[in-house]
Amino acid sequence: VHKQDNEQFTFGEPDEEWQPAWRAMLQFLESTHNGRKPLLELFALLQAPPIGLKKGVMPVMLCALLLTYRNQVALYENGVFVPELRIEVFERLFRATETFEIQQYLMNEKTQDTFHALHATMASLDPVHGKAESGELHLLQAIKPLILFASKLPTYAKKTKRLEQPEAQAVR
């Protein structure tokens, strides 16, 4: 799952030996299109026959899956979206897996234009983190910078009720 691409290491689809587990994980992701599912369900699926993964391997496979599909797969902790996959998140995830859920988001062509415009706006606010990684834009690729931007706003900006337009409060 960890391969060298030119001079850089990346995560991606594993070798043939690990394909059954990888395919099972992808099928599980497909089952989340209509709503989040607990990570415990994924781990139970991977531990059960015919795959039979051991607990020690599952964190590596999950990490590879989340990093490979980071622009399509959302992770939730206690019902709250986790915008950045940081080491602290992975540590909590493997200590308290029951508090985490996962969902894959795919955009249809109809919403692509809207998210391209949103992504362009967010990229102008944060050119370093807002760059598209590929030609195709994914939902989380457009939304994550917005969430990170909003999370860094001062407390006053997050909570004030003194906004002229009621729509502005609703958007916030």
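Which residues in α3 meet which residues in α4? Select P59, L62, C63 and L66 in α3, and you will find them in contact with F90, L93 and F94 in α4 (contact means heavy atoms within 4.5 Å). By class, that contact has seven nonpolar, no polar and no charged residues. Here Ala, Val, Leu, Ile, Met, Phe, Trp, Tyr, Cys and Pro count as nonpolar, Asp, Glu, Lys and Arg as charged, and the others, Gly among them, as polar.

Some ground rules before moving on. This is a predicted model, where local features need pLDDT of at least 70 and side-chain atom pairs count only at pLDDT 80 or more, while totals for chains, interfaces and linings use all residues. Residues are numbered from 1 along each chain as its sequence is written, and side-chain values use heavy atoms, with hydrogens and water left out.

**Zoom out**

Color by secondary structure: there are eight helices and six strands, in the order β-β-α-β-α-α-β-β-α-β-α-α-α-α along the sequence. Helices (H or I, at least four residues) and strands (E, at least two) are DSSP runs, numbered from the N terminus. Of the 172 residues, 32% count as buried; buried means under 20% relative accessible area, exposed over 50%, and partly exposed in between (1.4 Å probe, protein chains only). Among contacts between residues at least 6 apart in sequence, 57% join residues at least 24 apart.

**Back to α4**

Now select 87–95, which is α4, and show side chains: V89, F90 and L93 are buried. They sit on the same side of α4 because they cover an arc of only 95 degrees around the axis, the arc being that of the directions from the helix axis to the C-beta atoms. What covers the buried residues includes α2 (39–47), α3 (58–68), β4 (73–77), β5 (80–82) and β6 (100–104).

**Two helix pairs**

Two packed helices are described by the angle between their axes and the distance between the axes. Axes are lines fitted to C-alpha atoms, for helices over the stretch in contact, and angles run from 0 to 180 degrees between N-to-C directions. For α3 and α4, the axes come within 12 Å and cross at roughly 135 degrees, so the two are oblique to each other. Angles under 35 degrees count as roughly parallel, over 145 as roughly antiparallel, 65 to 115 as roughly perpendicular and the rest as oblique.

Next, select α1 (residues 19–30) together with α2: they pack at an angle of about 150 degrees, with axes 10 Å apart, and are therefore roughly antiparallel. A21, A24, M25 and F28 in α1 meet E41, L42, L45 and L46 in α2. That contact has seven nonpolar, no polar and one charged residues.

- P50: it lies in the loop between α2 and α3, and the peptide bond from P49 to P50 is cis, with omega near 10 degrees.
- N78: look in the loop between β4 and β5. Phi of N78 is near 50 degrees, a positive value in a residue other than glycine, and N78 is exposed, with a relative accessible area of 57%.
- T121: find T121 in α5 (residues 109–125), partly exposed at 44% relative accessibility. Draw a C-alpha to C-alpha distance to P145 and expect 9.9 Å, for a pair 24 residues apart in sequence.
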